[in-house]
Amino acid sequence: MDITISKAGQSKLRDLNLDNIPFGKYFSDHMLEADYENGEWKNVEIKPYQPLLLSPSIAALHYGQAIFEGIKAYKDAEGNPFIFRPQDNFRRFNVSAERMQMPSVPEEIFMEGMKQLIALDANWIPNKEDHSLYIRPFMFSSDELIGVRPSETYKFMILLSPTGPYYNAPMRIYVEEQYVRAVPGGVGYAKAAGNYGASMYATAEAKKKGYDQVLWTDAFEHKYVQEIGTMNVIFIIGDKAVTPDLGAGTILAGVTRDSALTLLEEAGFTVEQRAISIDELIDAYKAGHLFEVFGTGTAATISYIKELRYKDFVMTFNVDEWRTAPTIKKWLTDIREGRREDKYGWMTPVPVEAVPQKKQKARK
């Protein structure tokens, strides 16, 4: 795709140490920006990372028409950049767009724009285990109008952020019974910005109790588990890997979730996607059959759960003795960094040499 590219005068990398870098704090030299106007996408450009000039009346600030994705890029042993399953994120992005009454983003803008942006900023991919380049595509309504209706104009952007591990230590999780993340018929399956804003109060309350995150339960009975914080959740019960199913539309179809389930099947587990009650988990724990609990997500990849509290009942786990979650995490990392065969075709190469070093055109 013919994308206007304007390079930054000098890289910010010279003043940044990529060792042990915190998640989401620093951003690369360039960003992609595109506008939707009069029923078409236009002004697609890659330019130096910079602030946006926006009207205080833009619709996204008032009515929450905003969606995003989280993707990661890695380097193999030879230093070649690869993106992990971007096609799946592209499809999910447009599922979110449809639910939020926003225009779909064409594949050539999303995928080709992402590749060209990463190629330009490939030096920002850290060469360190558990580190990666986090990719944040997002779209928001940009009508300068206060009125509750789908916007007629939108802005699509992609930012890049070098990052280390999202969660550095095993987590303590509080089972939430009052507040809910999603309901059937809602937007729980969409990666909408409002889902995350709405989750913050319950999370803050759990942190006051000494917990890191909440395990969401269903809206009607507060009996069936859904997600952990911003992650999908998987339970190892006996020789089965069990995770909540996606049928009710209340759970995000996680790309890392799907990857972990695929590798769990490869490891010999029976994978079950179905409704799971908290009572079933407690019974399995008491019987000694609930061996591991872990979250999956783009940011966290695999996050260990060392404690799960429901009311006054506390389930604790010795993560140092775990075998399954560490194995799946290692396999995923090795596939992403080129040490394990990518037999599922998850890694998309970024042809750095194919991207022009500088291309500047006037806006149409």
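This is a predicted model: local features need pLDDT of at least 70, side-chain atom pairs count only at pLDDT 80 or more; totals for chains, interfaces and linings use all residues.
Where does V148 lie? V148 is in the loop between β7 and β8, the latter covering 154–163.

Together with Y63 and I146, V148 makes a nonpolar surface patch of about 330 Å².

R149 comes next. The side chain of R149 meets that of D143 in a salt bridge, 3.0 Å from N to O. The two partners can be described by their accessibility. R149 has 35% relative accessibility and so counts as partly exposed. D143 has a relative accessible area of 8%, which means that D143 is buried.

Now the other salt bridges. A search of the whole structure finds 25 of them. In general, side chains of opposite charge can pair when their charged atoms come close. One of these bridges joins R14 and D15, at 3.9 Å from N to O, and both R14 and D15 are exposed. There is also a network of salt bridges, and this links E33, D35, E45, K47 and K155.

Next, the aromatic rings. How many aromatic pairs does the structure hold? It holds 19. I'll take F23 and Y134 as my example. F23 is in the loop between β1 (4–5) and β2 (30–37), while Y134 is in strand β7, residues 132–141, so the pair ties together parts that are 111 residues apart in sequence. F23, at 25% relative accessibility, counts as partly exposed. Y134, with a relative accessible area of 9%, is buried.

Ring pairs also build a cluster, whose members are Y36, W41, F90, F93, F110, Y154 and F156.

Two rings have a charged side chain over the face. K286 lies over F313, at 5.2 Å from the ring centre. R340 lies over W331, at 4.1 Å from the ring centre.

On to the strands, and β12 to begin with. This strand covers residues 232–237 and is mostly covered, with six of its six residues buried. Which residues of β12 are buried on each face? On one side they are N232, I234 and I236, and on the other V233, F235 and I237.

β12 has two strand partners to mention here. Six bridges join β12 to β15, residues 290–297, and the two run antiparallel. Within that pairing, N232 has T296 as its bridge partner. Three bridges join β12 to β13, residues 240–243, and these strands also run antiparallel. There, F235 stands opposite V242. β12 and β13 form a hairpin with two residues between the strands, and G238 takes a positive phi near 60° in it.

A second hairpin is made by β16 and β17. Strand β16 spans residues 301–310 and β17 residues 313–316; four bridges join them, and they run antiparallel. L308 stands opposite M315 in this pairing. The hairpin has two residues between its strands, and K311 in the turn has a positive phi of about 55°.

Also in this part of the chain, D312 forms a salt bridge with R309, the closest N and O atoms being 3.5 Å apart. D312 has a relative accessible area of 71% and is therefore exposed. R309 has a relative accessible area of 23%, so R309 is partly exposed.

That brings me to backbone angles. Most residues other than glycine have a negative phi. N43 is not a glycine, yet it has a positive phi of about 55°. N43 lies in strand β3, residues 40–48. Is N43 buried or exposed? Its relative accessible area is 17%; the limit for buried is under 20%, so N43 is buried. R85 is not a glycine either, and has a positive phi of about 50°. R85 lies in the loop between β6 (81–84) and α2 (86–99). At 8% relative accessibility, R85 counts as buried.

My last item is N168. This residue is found in the loop between β8 and β9, with β9 at 171–175. N168 has a relative accessible area of 69% and so is exposed. The C-alpha atoms of N168 and K330 are separated by 15 Å, and the two residues are 162 residues apart along the chain.

Definitions and conventions: Residues are numbered from 1 along each chain as its sequence is written. Side-chain values use heavy atoms; hydrogens and water are left out. Rings of Phe, Tyr and Trp (its six-membered ring) pair if their centres lie within 6.5 Å; planes under 30 degrees apart count as stacked, over 60 as edge-to-face and the rest as tilted. Buried means under 20% relative accessible area, exposed over 50%, partly exposed in between (1.4 Å probe, protein chains only). A charge sits over a ring if NZ of Lys or CZ of Arg is within 6 Å of the ring centre and within 35 degrees of the ring normal. Patches are made of residues with over 30% relative accessible area and no salt bridge: like charges are joined within 9 Å, nonpolar side chains (Val, Leu, Ile, Met, Phe, Trp, Tyr) within 5 Å. Accessible areas come from the Shrake-Rupley method with a 1.4 Å probe; for residues, only the protein chains shown count as cover. A salt bridge is a side-chain nitrogen of Lys or Arg within 4 Å of a carboxyl oxygen of Asp or Glu. Two strands pair if DSSP finds at least two bridges between them.
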